[in-house]
Amino acid sequence: MSEPGFASLPRPKRQSRRWALWIPALLAGLPTLGWAEMKLNLPEPVSPLTREVFDLHMMTTWVAVWIMVIVILLVGYTLWKFRKSTGSVADQEFHKGFFGTWSWLLVPILVLGIDLTIADRANSTFDQVENIGDAEVTVKVTGSQWKWTYEYMEHDYSFISNLKSKEEAGEYDYLRTVDNPLVLPVNTRVRFLHTAADVLHAWWVPEIAVKKDSIPGYINETWTIIEKEGVYRGQCAENCGVGHAYMPIEVQAVSRAEFDRWIGERVAEKQAAVALAASNKVWSKDELMAEGEGLYNTFCAACHQVNGAGLPPAFPALAGSDMALNDLAGHLDIVINGKQGTAMAAWGAQLDDLQMAAIITYERNAWGNDTGDAVQPADVKAAR
Amino acid sequence: MTSIAATHDDHDHHHAPTGWRRWVFSTNHKDIGTMYLFFALFMLFLGGAMAMVIRAELFSPGLQFVSPEFYNNMFTNHALIMIFGMVMPAAAGMANWMIPMMIGAPDMALPRLNNLSFWLLPAGALMLVLSIVAPWVGGGMAVTAGWTLYPPISLQAGMSMDLLIFTIHLLGISSILASINIVTTILNMRAPGMTMMKMPVFVWAWFFTGVLLILIMPAFAGGVTMLLFDRHFGTSFFDAAGGGDPVLFQHLFWFFGHPEVYVLLLPSIGVLGMVVPTFSRKPLFGYKSLVYGMAFLATLGMVVWAHHQYTVGMSIWATKYFMIGTILISIPIGLMKFNFIFTMWRGSLTFETPMLFAIAIILMFAFAGVTGVMLAVVPADLQYHDTYFVVAHFHYALIPGAVFGLYAGVFYWLPKWTGHMYDEKLGKLFFWWTTISFNVTFFPQHFSGLAGMPRRIVDYGVQFTEFNMVSSVGAFAFGLSHLLFLYIIIKTIRGGEPAPAKPWEGAQAGTPGLEWTVSSPPPFHTFETPPEVK
């Protein structure tokens with residue numbers, strides 16, 4: 001939508017309440033300043049749906065701006081023209097005149113006209129939002145405290161996406177980058193299925209799709225056709241607790257061929273890992289510790305901290321904890337099944353036996369816990 | 001407020017109690033009104049301090065002052081305090097003071113109930129403070145859910161959530177009782193000749209407010225009680241794993257929560273309906289359409305709640321219904337705006353502090369109105385939802401719409417309440433200070449929201465830094481301005497130019513104006529013999 005020429009607007013005279021003017025002036029003026037990092041509007045859409053939504057947004061924005069301009073001019077003129085200090089005498093009969101008699105009808109008709117214009121446009125755009133259609137790629141997005149799990153339904157492949165730490169991401173990209181971005185093909189109809197494992201979340205990348213909440217027990221749908229390769233960012237948009245600020249989203253949109261190659265490699269890798277975990281190999285403590293450290297930092301450190309000290313009282317310390325030192329059965333149980341009434345999630349469904357064994361071994365030997373335990377995948381399997 | 005006691009002449013039949021008994025056992029609408037107003041003032045500073053914590057933390061990226069848990073707890077309690085502890089008690093205090101005097105009644109219809117409904121408030125506030133400190137004394141995790149208290153996250157918190165549920169019960173009972181009292185007073189205690197369609201707009205506004213509160217509070221009380229049962233008694237109303245539905249709570253909450261917005265706004269619209277004609281020196285334009293507009297607003301406001309939950313995935317037709325219903329709210333709001341603007345048209349305007357606030361409300365609340373229409377549009381809201389755009393919108397709705405209306409009311413009626421004129425120069429300074437700093441605080445948040453900053457986050461990426469710095473600077477100035485507000489109030493109570501019975505030239509423009517026929521400050525008991533309204 002082209003922008004009406006704001007500069008050509010009639011300006012109220014100096015005496016009017018000029019402070020009242022800065023709202024529309026800034027609305028129209030700020031976007032042209034173009035500060036490097038400061039975005040002032042919704043990001044440039046890259047899918048047909050978000051483009052339609054963006055146009056609708058610009059339409060309602062301009063309706064809003066013009067209504068404000070008219071109201072401000074009207075109020076400004078009234079205040080200037082009818083002030084007592086210039087000898088204005090109140091017209092005690094004004095409210096009984098024609099307009100006073102019929103304004104109850106005229107004003108609503110005027111407002112209704114504007115309302116229906118907007119509603120009509122919104123109605124057809126909303127039909128597009130809900131026109132999910134048959135997608136070639138379906139991604140199930142599961143929010144959990146405080147990370148995203150992506151599952152490519154057609155490929156039976158899933159992975160977890162976590163915040164990149166400040167050290168890894170750097171000051172500039174912190175809270176915007178993740179360890180494993182979601183990879184999607186361009187020019188392909190993609191359907192998202194949104195759900196949550198614990199509390200409410202909302203997966204939101206404004207360039208490519210509108211947001212719907214992730215709700216435990218519900219599956220919500222959104223869709224997109226990304227038209228441009230690139231990296232698109234967003235973050236969780238529904239309060240999910242103390243880590244709400246720490247679950248960003250990163251989408252890499254690549255060509256269809258690149259996507260097919262990528263997903264093929266991932267699936268092959270996963271099959272190899274499954275075979276290894278099922279091979280009844282007995283793992284040494286050192287192997288488990290090496291594997292466990294990375295997994296711990298990915299899945300557990302957000303709450304229990306990298307140094308195992310936790311953030312009591314909400315997130316208990318693991319270093320020196322009675323459970324990590326003495327109670328292996330309890331330790332297996334809490335990691336597999338979680339703990340009701342706390343933020344501790346049930347990891348049983350999210351991690352395989354080998355990953356669990358590595359994490360628990362790490363927790364029982366790191367930070368001076370030194371129990372010497374080497375928990376095997378078979379132990380986890382037995383405890384499930 | 002000793003001045004009120006001092007002017008109490010002894011023509012009535014019983015002694016007015018003195019000392020602490022006067023306040024604790026009070027059944028006098030003026031004393032209870034005063035207590036409501038002071039309670040609200042105290043809570044304004046408590047809730048404001050929490051806003052300062054929030055803005056200090058958000059001044060720059062990173063974690064500077066507080067933990068994420070405490071931060072979440074702060075924005076949760078900031079909202080609850082400002083809504084239940086500040087705006088509603090302040091509006092109830094004004095209703096207590098002014099409604100009996102406006103309709104020529106000797107007191108509220110149910111004076112003892114009046115005492116109870118006030119004294120439930122400090123009990124509720126104590127419970128709320130306990131909820132904040134509970135995590136430090138072994139009460140488990142703080143409430144991190146936000147004031148909407150959505151499950152499942154509100155099920156994760158420790159004892160502080162239970163204390164918050166009891167807070168809501170107490171404050172909810174208080175406002176239901178106060179509303180019953182006010183509605184009963186309006187229906188039964190009017191002086192002879194004071195027909196409903198002669199009532200001042202403020203009385204009408206509180207009539208609708210009271211009716212709304214009686215209708216909606218039970219839904220919220222029921223919702224949080226179900227939360228309590230889910231937490232402790234093994235039910236699973238809201239737990240999907242037990243066959244419950246987390247979205248059910250959202251419907252219960254917003255069935256209360258959206259009309260609650262009008263509960264906060266309507267008393268201020270009532271104040272506007274008094275202030276604008278006074279300083280325009282002519283009758284309100286469209287009295288009837290304003291009254292019917294408020295009725296329409298209250299009714300429509302009851303049936304559009306789910307526009308707060310477009311993103312939960314309702315059926316297409318339900319969503320469209322809520323969208324169109326919500327957009328139609330612009331009709332009564334637009335009507336009211338025009339009524340106020342055309343009350344000023346061809347008037348004889350002066351710009352005392354209450355009028356300045358009234359003009360600011362007309363302009364800035366109009367801005368909240370147009371962003372409200374933007375938010376009502378479903379596809380666009382699916383982008384705006386839960387971003388700072390929403391935060392900016394509802395602060396524009398609630399600070400000019402509700403809080404500035406209360407400020408206008410305070411300055412408008414302070415001469416009547418205390419018998420002294422406030423310092424007009426300081427009043428104007430306060431107006432410009434708050435209005436400018438308010439806009440500096442919240443205007444940039446529209447843009448940070450559009451740029452993608454979600455609400456309720458304790459830390460943010462560097463791309464949002466500039467706007468948050470501007471917002472924080474504005475917020476500190478806005479917070480600081482309230483010390484001036486406090487000073488003006490204390491100064492006016494302690495002395496100043498004596499106020500005549502009718503301190504404003506145009507005060508009776510278009511209303512019976514009974515409140516201006518009694519002295520300033522009014523005697524302890526007014527209208528023991530009902531006045532006649534012609």
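Biologist: What makes up chain A in terms of helices and strands?
Modeller: Chain A has 11 helices and 10 strands. Helices here are DSSP runs of H or I with at least four residues, strands are E runs of at least two, and both are numbered from the N terminus. By the way, this is a predicted model, where local features need pLDDT of at least 70 and side-chain atom pairs count only at pLDDT 80 or more, while totals for chains, interfaces and linings use all residues. Residues are numbered from 1 along each chain as its sequence is written, with chains lettered from A and ligands numbered from 1 in the order in which they are written.

Biologist: How do you know that strand 1 and strand 5 of chain A pair up?
Modeller: Pairing takes at least two bridges found by DSSP. Strand 1 (residues 137-144) and strand 5 (residues 189-196) have 7, so they count as paired, and they run parallel.

Biologist: Why is helix 15 of chain B called largely enclosed?
Modeller: Buried means 20 or more other C-beta atoms within 10 Å of a residue's own (exposed is 12 or fewer, partly exposed is in between), with C-beta atoms placed from the backbone. In helix 15 of chain B, 30 of the 31 residues are buried, so the rest of the structure largely encloses it.

Biologist: What comes just after helix 15 of chain B?
Modeller: That's B:G419, with a positive phi of about 85 degrees.
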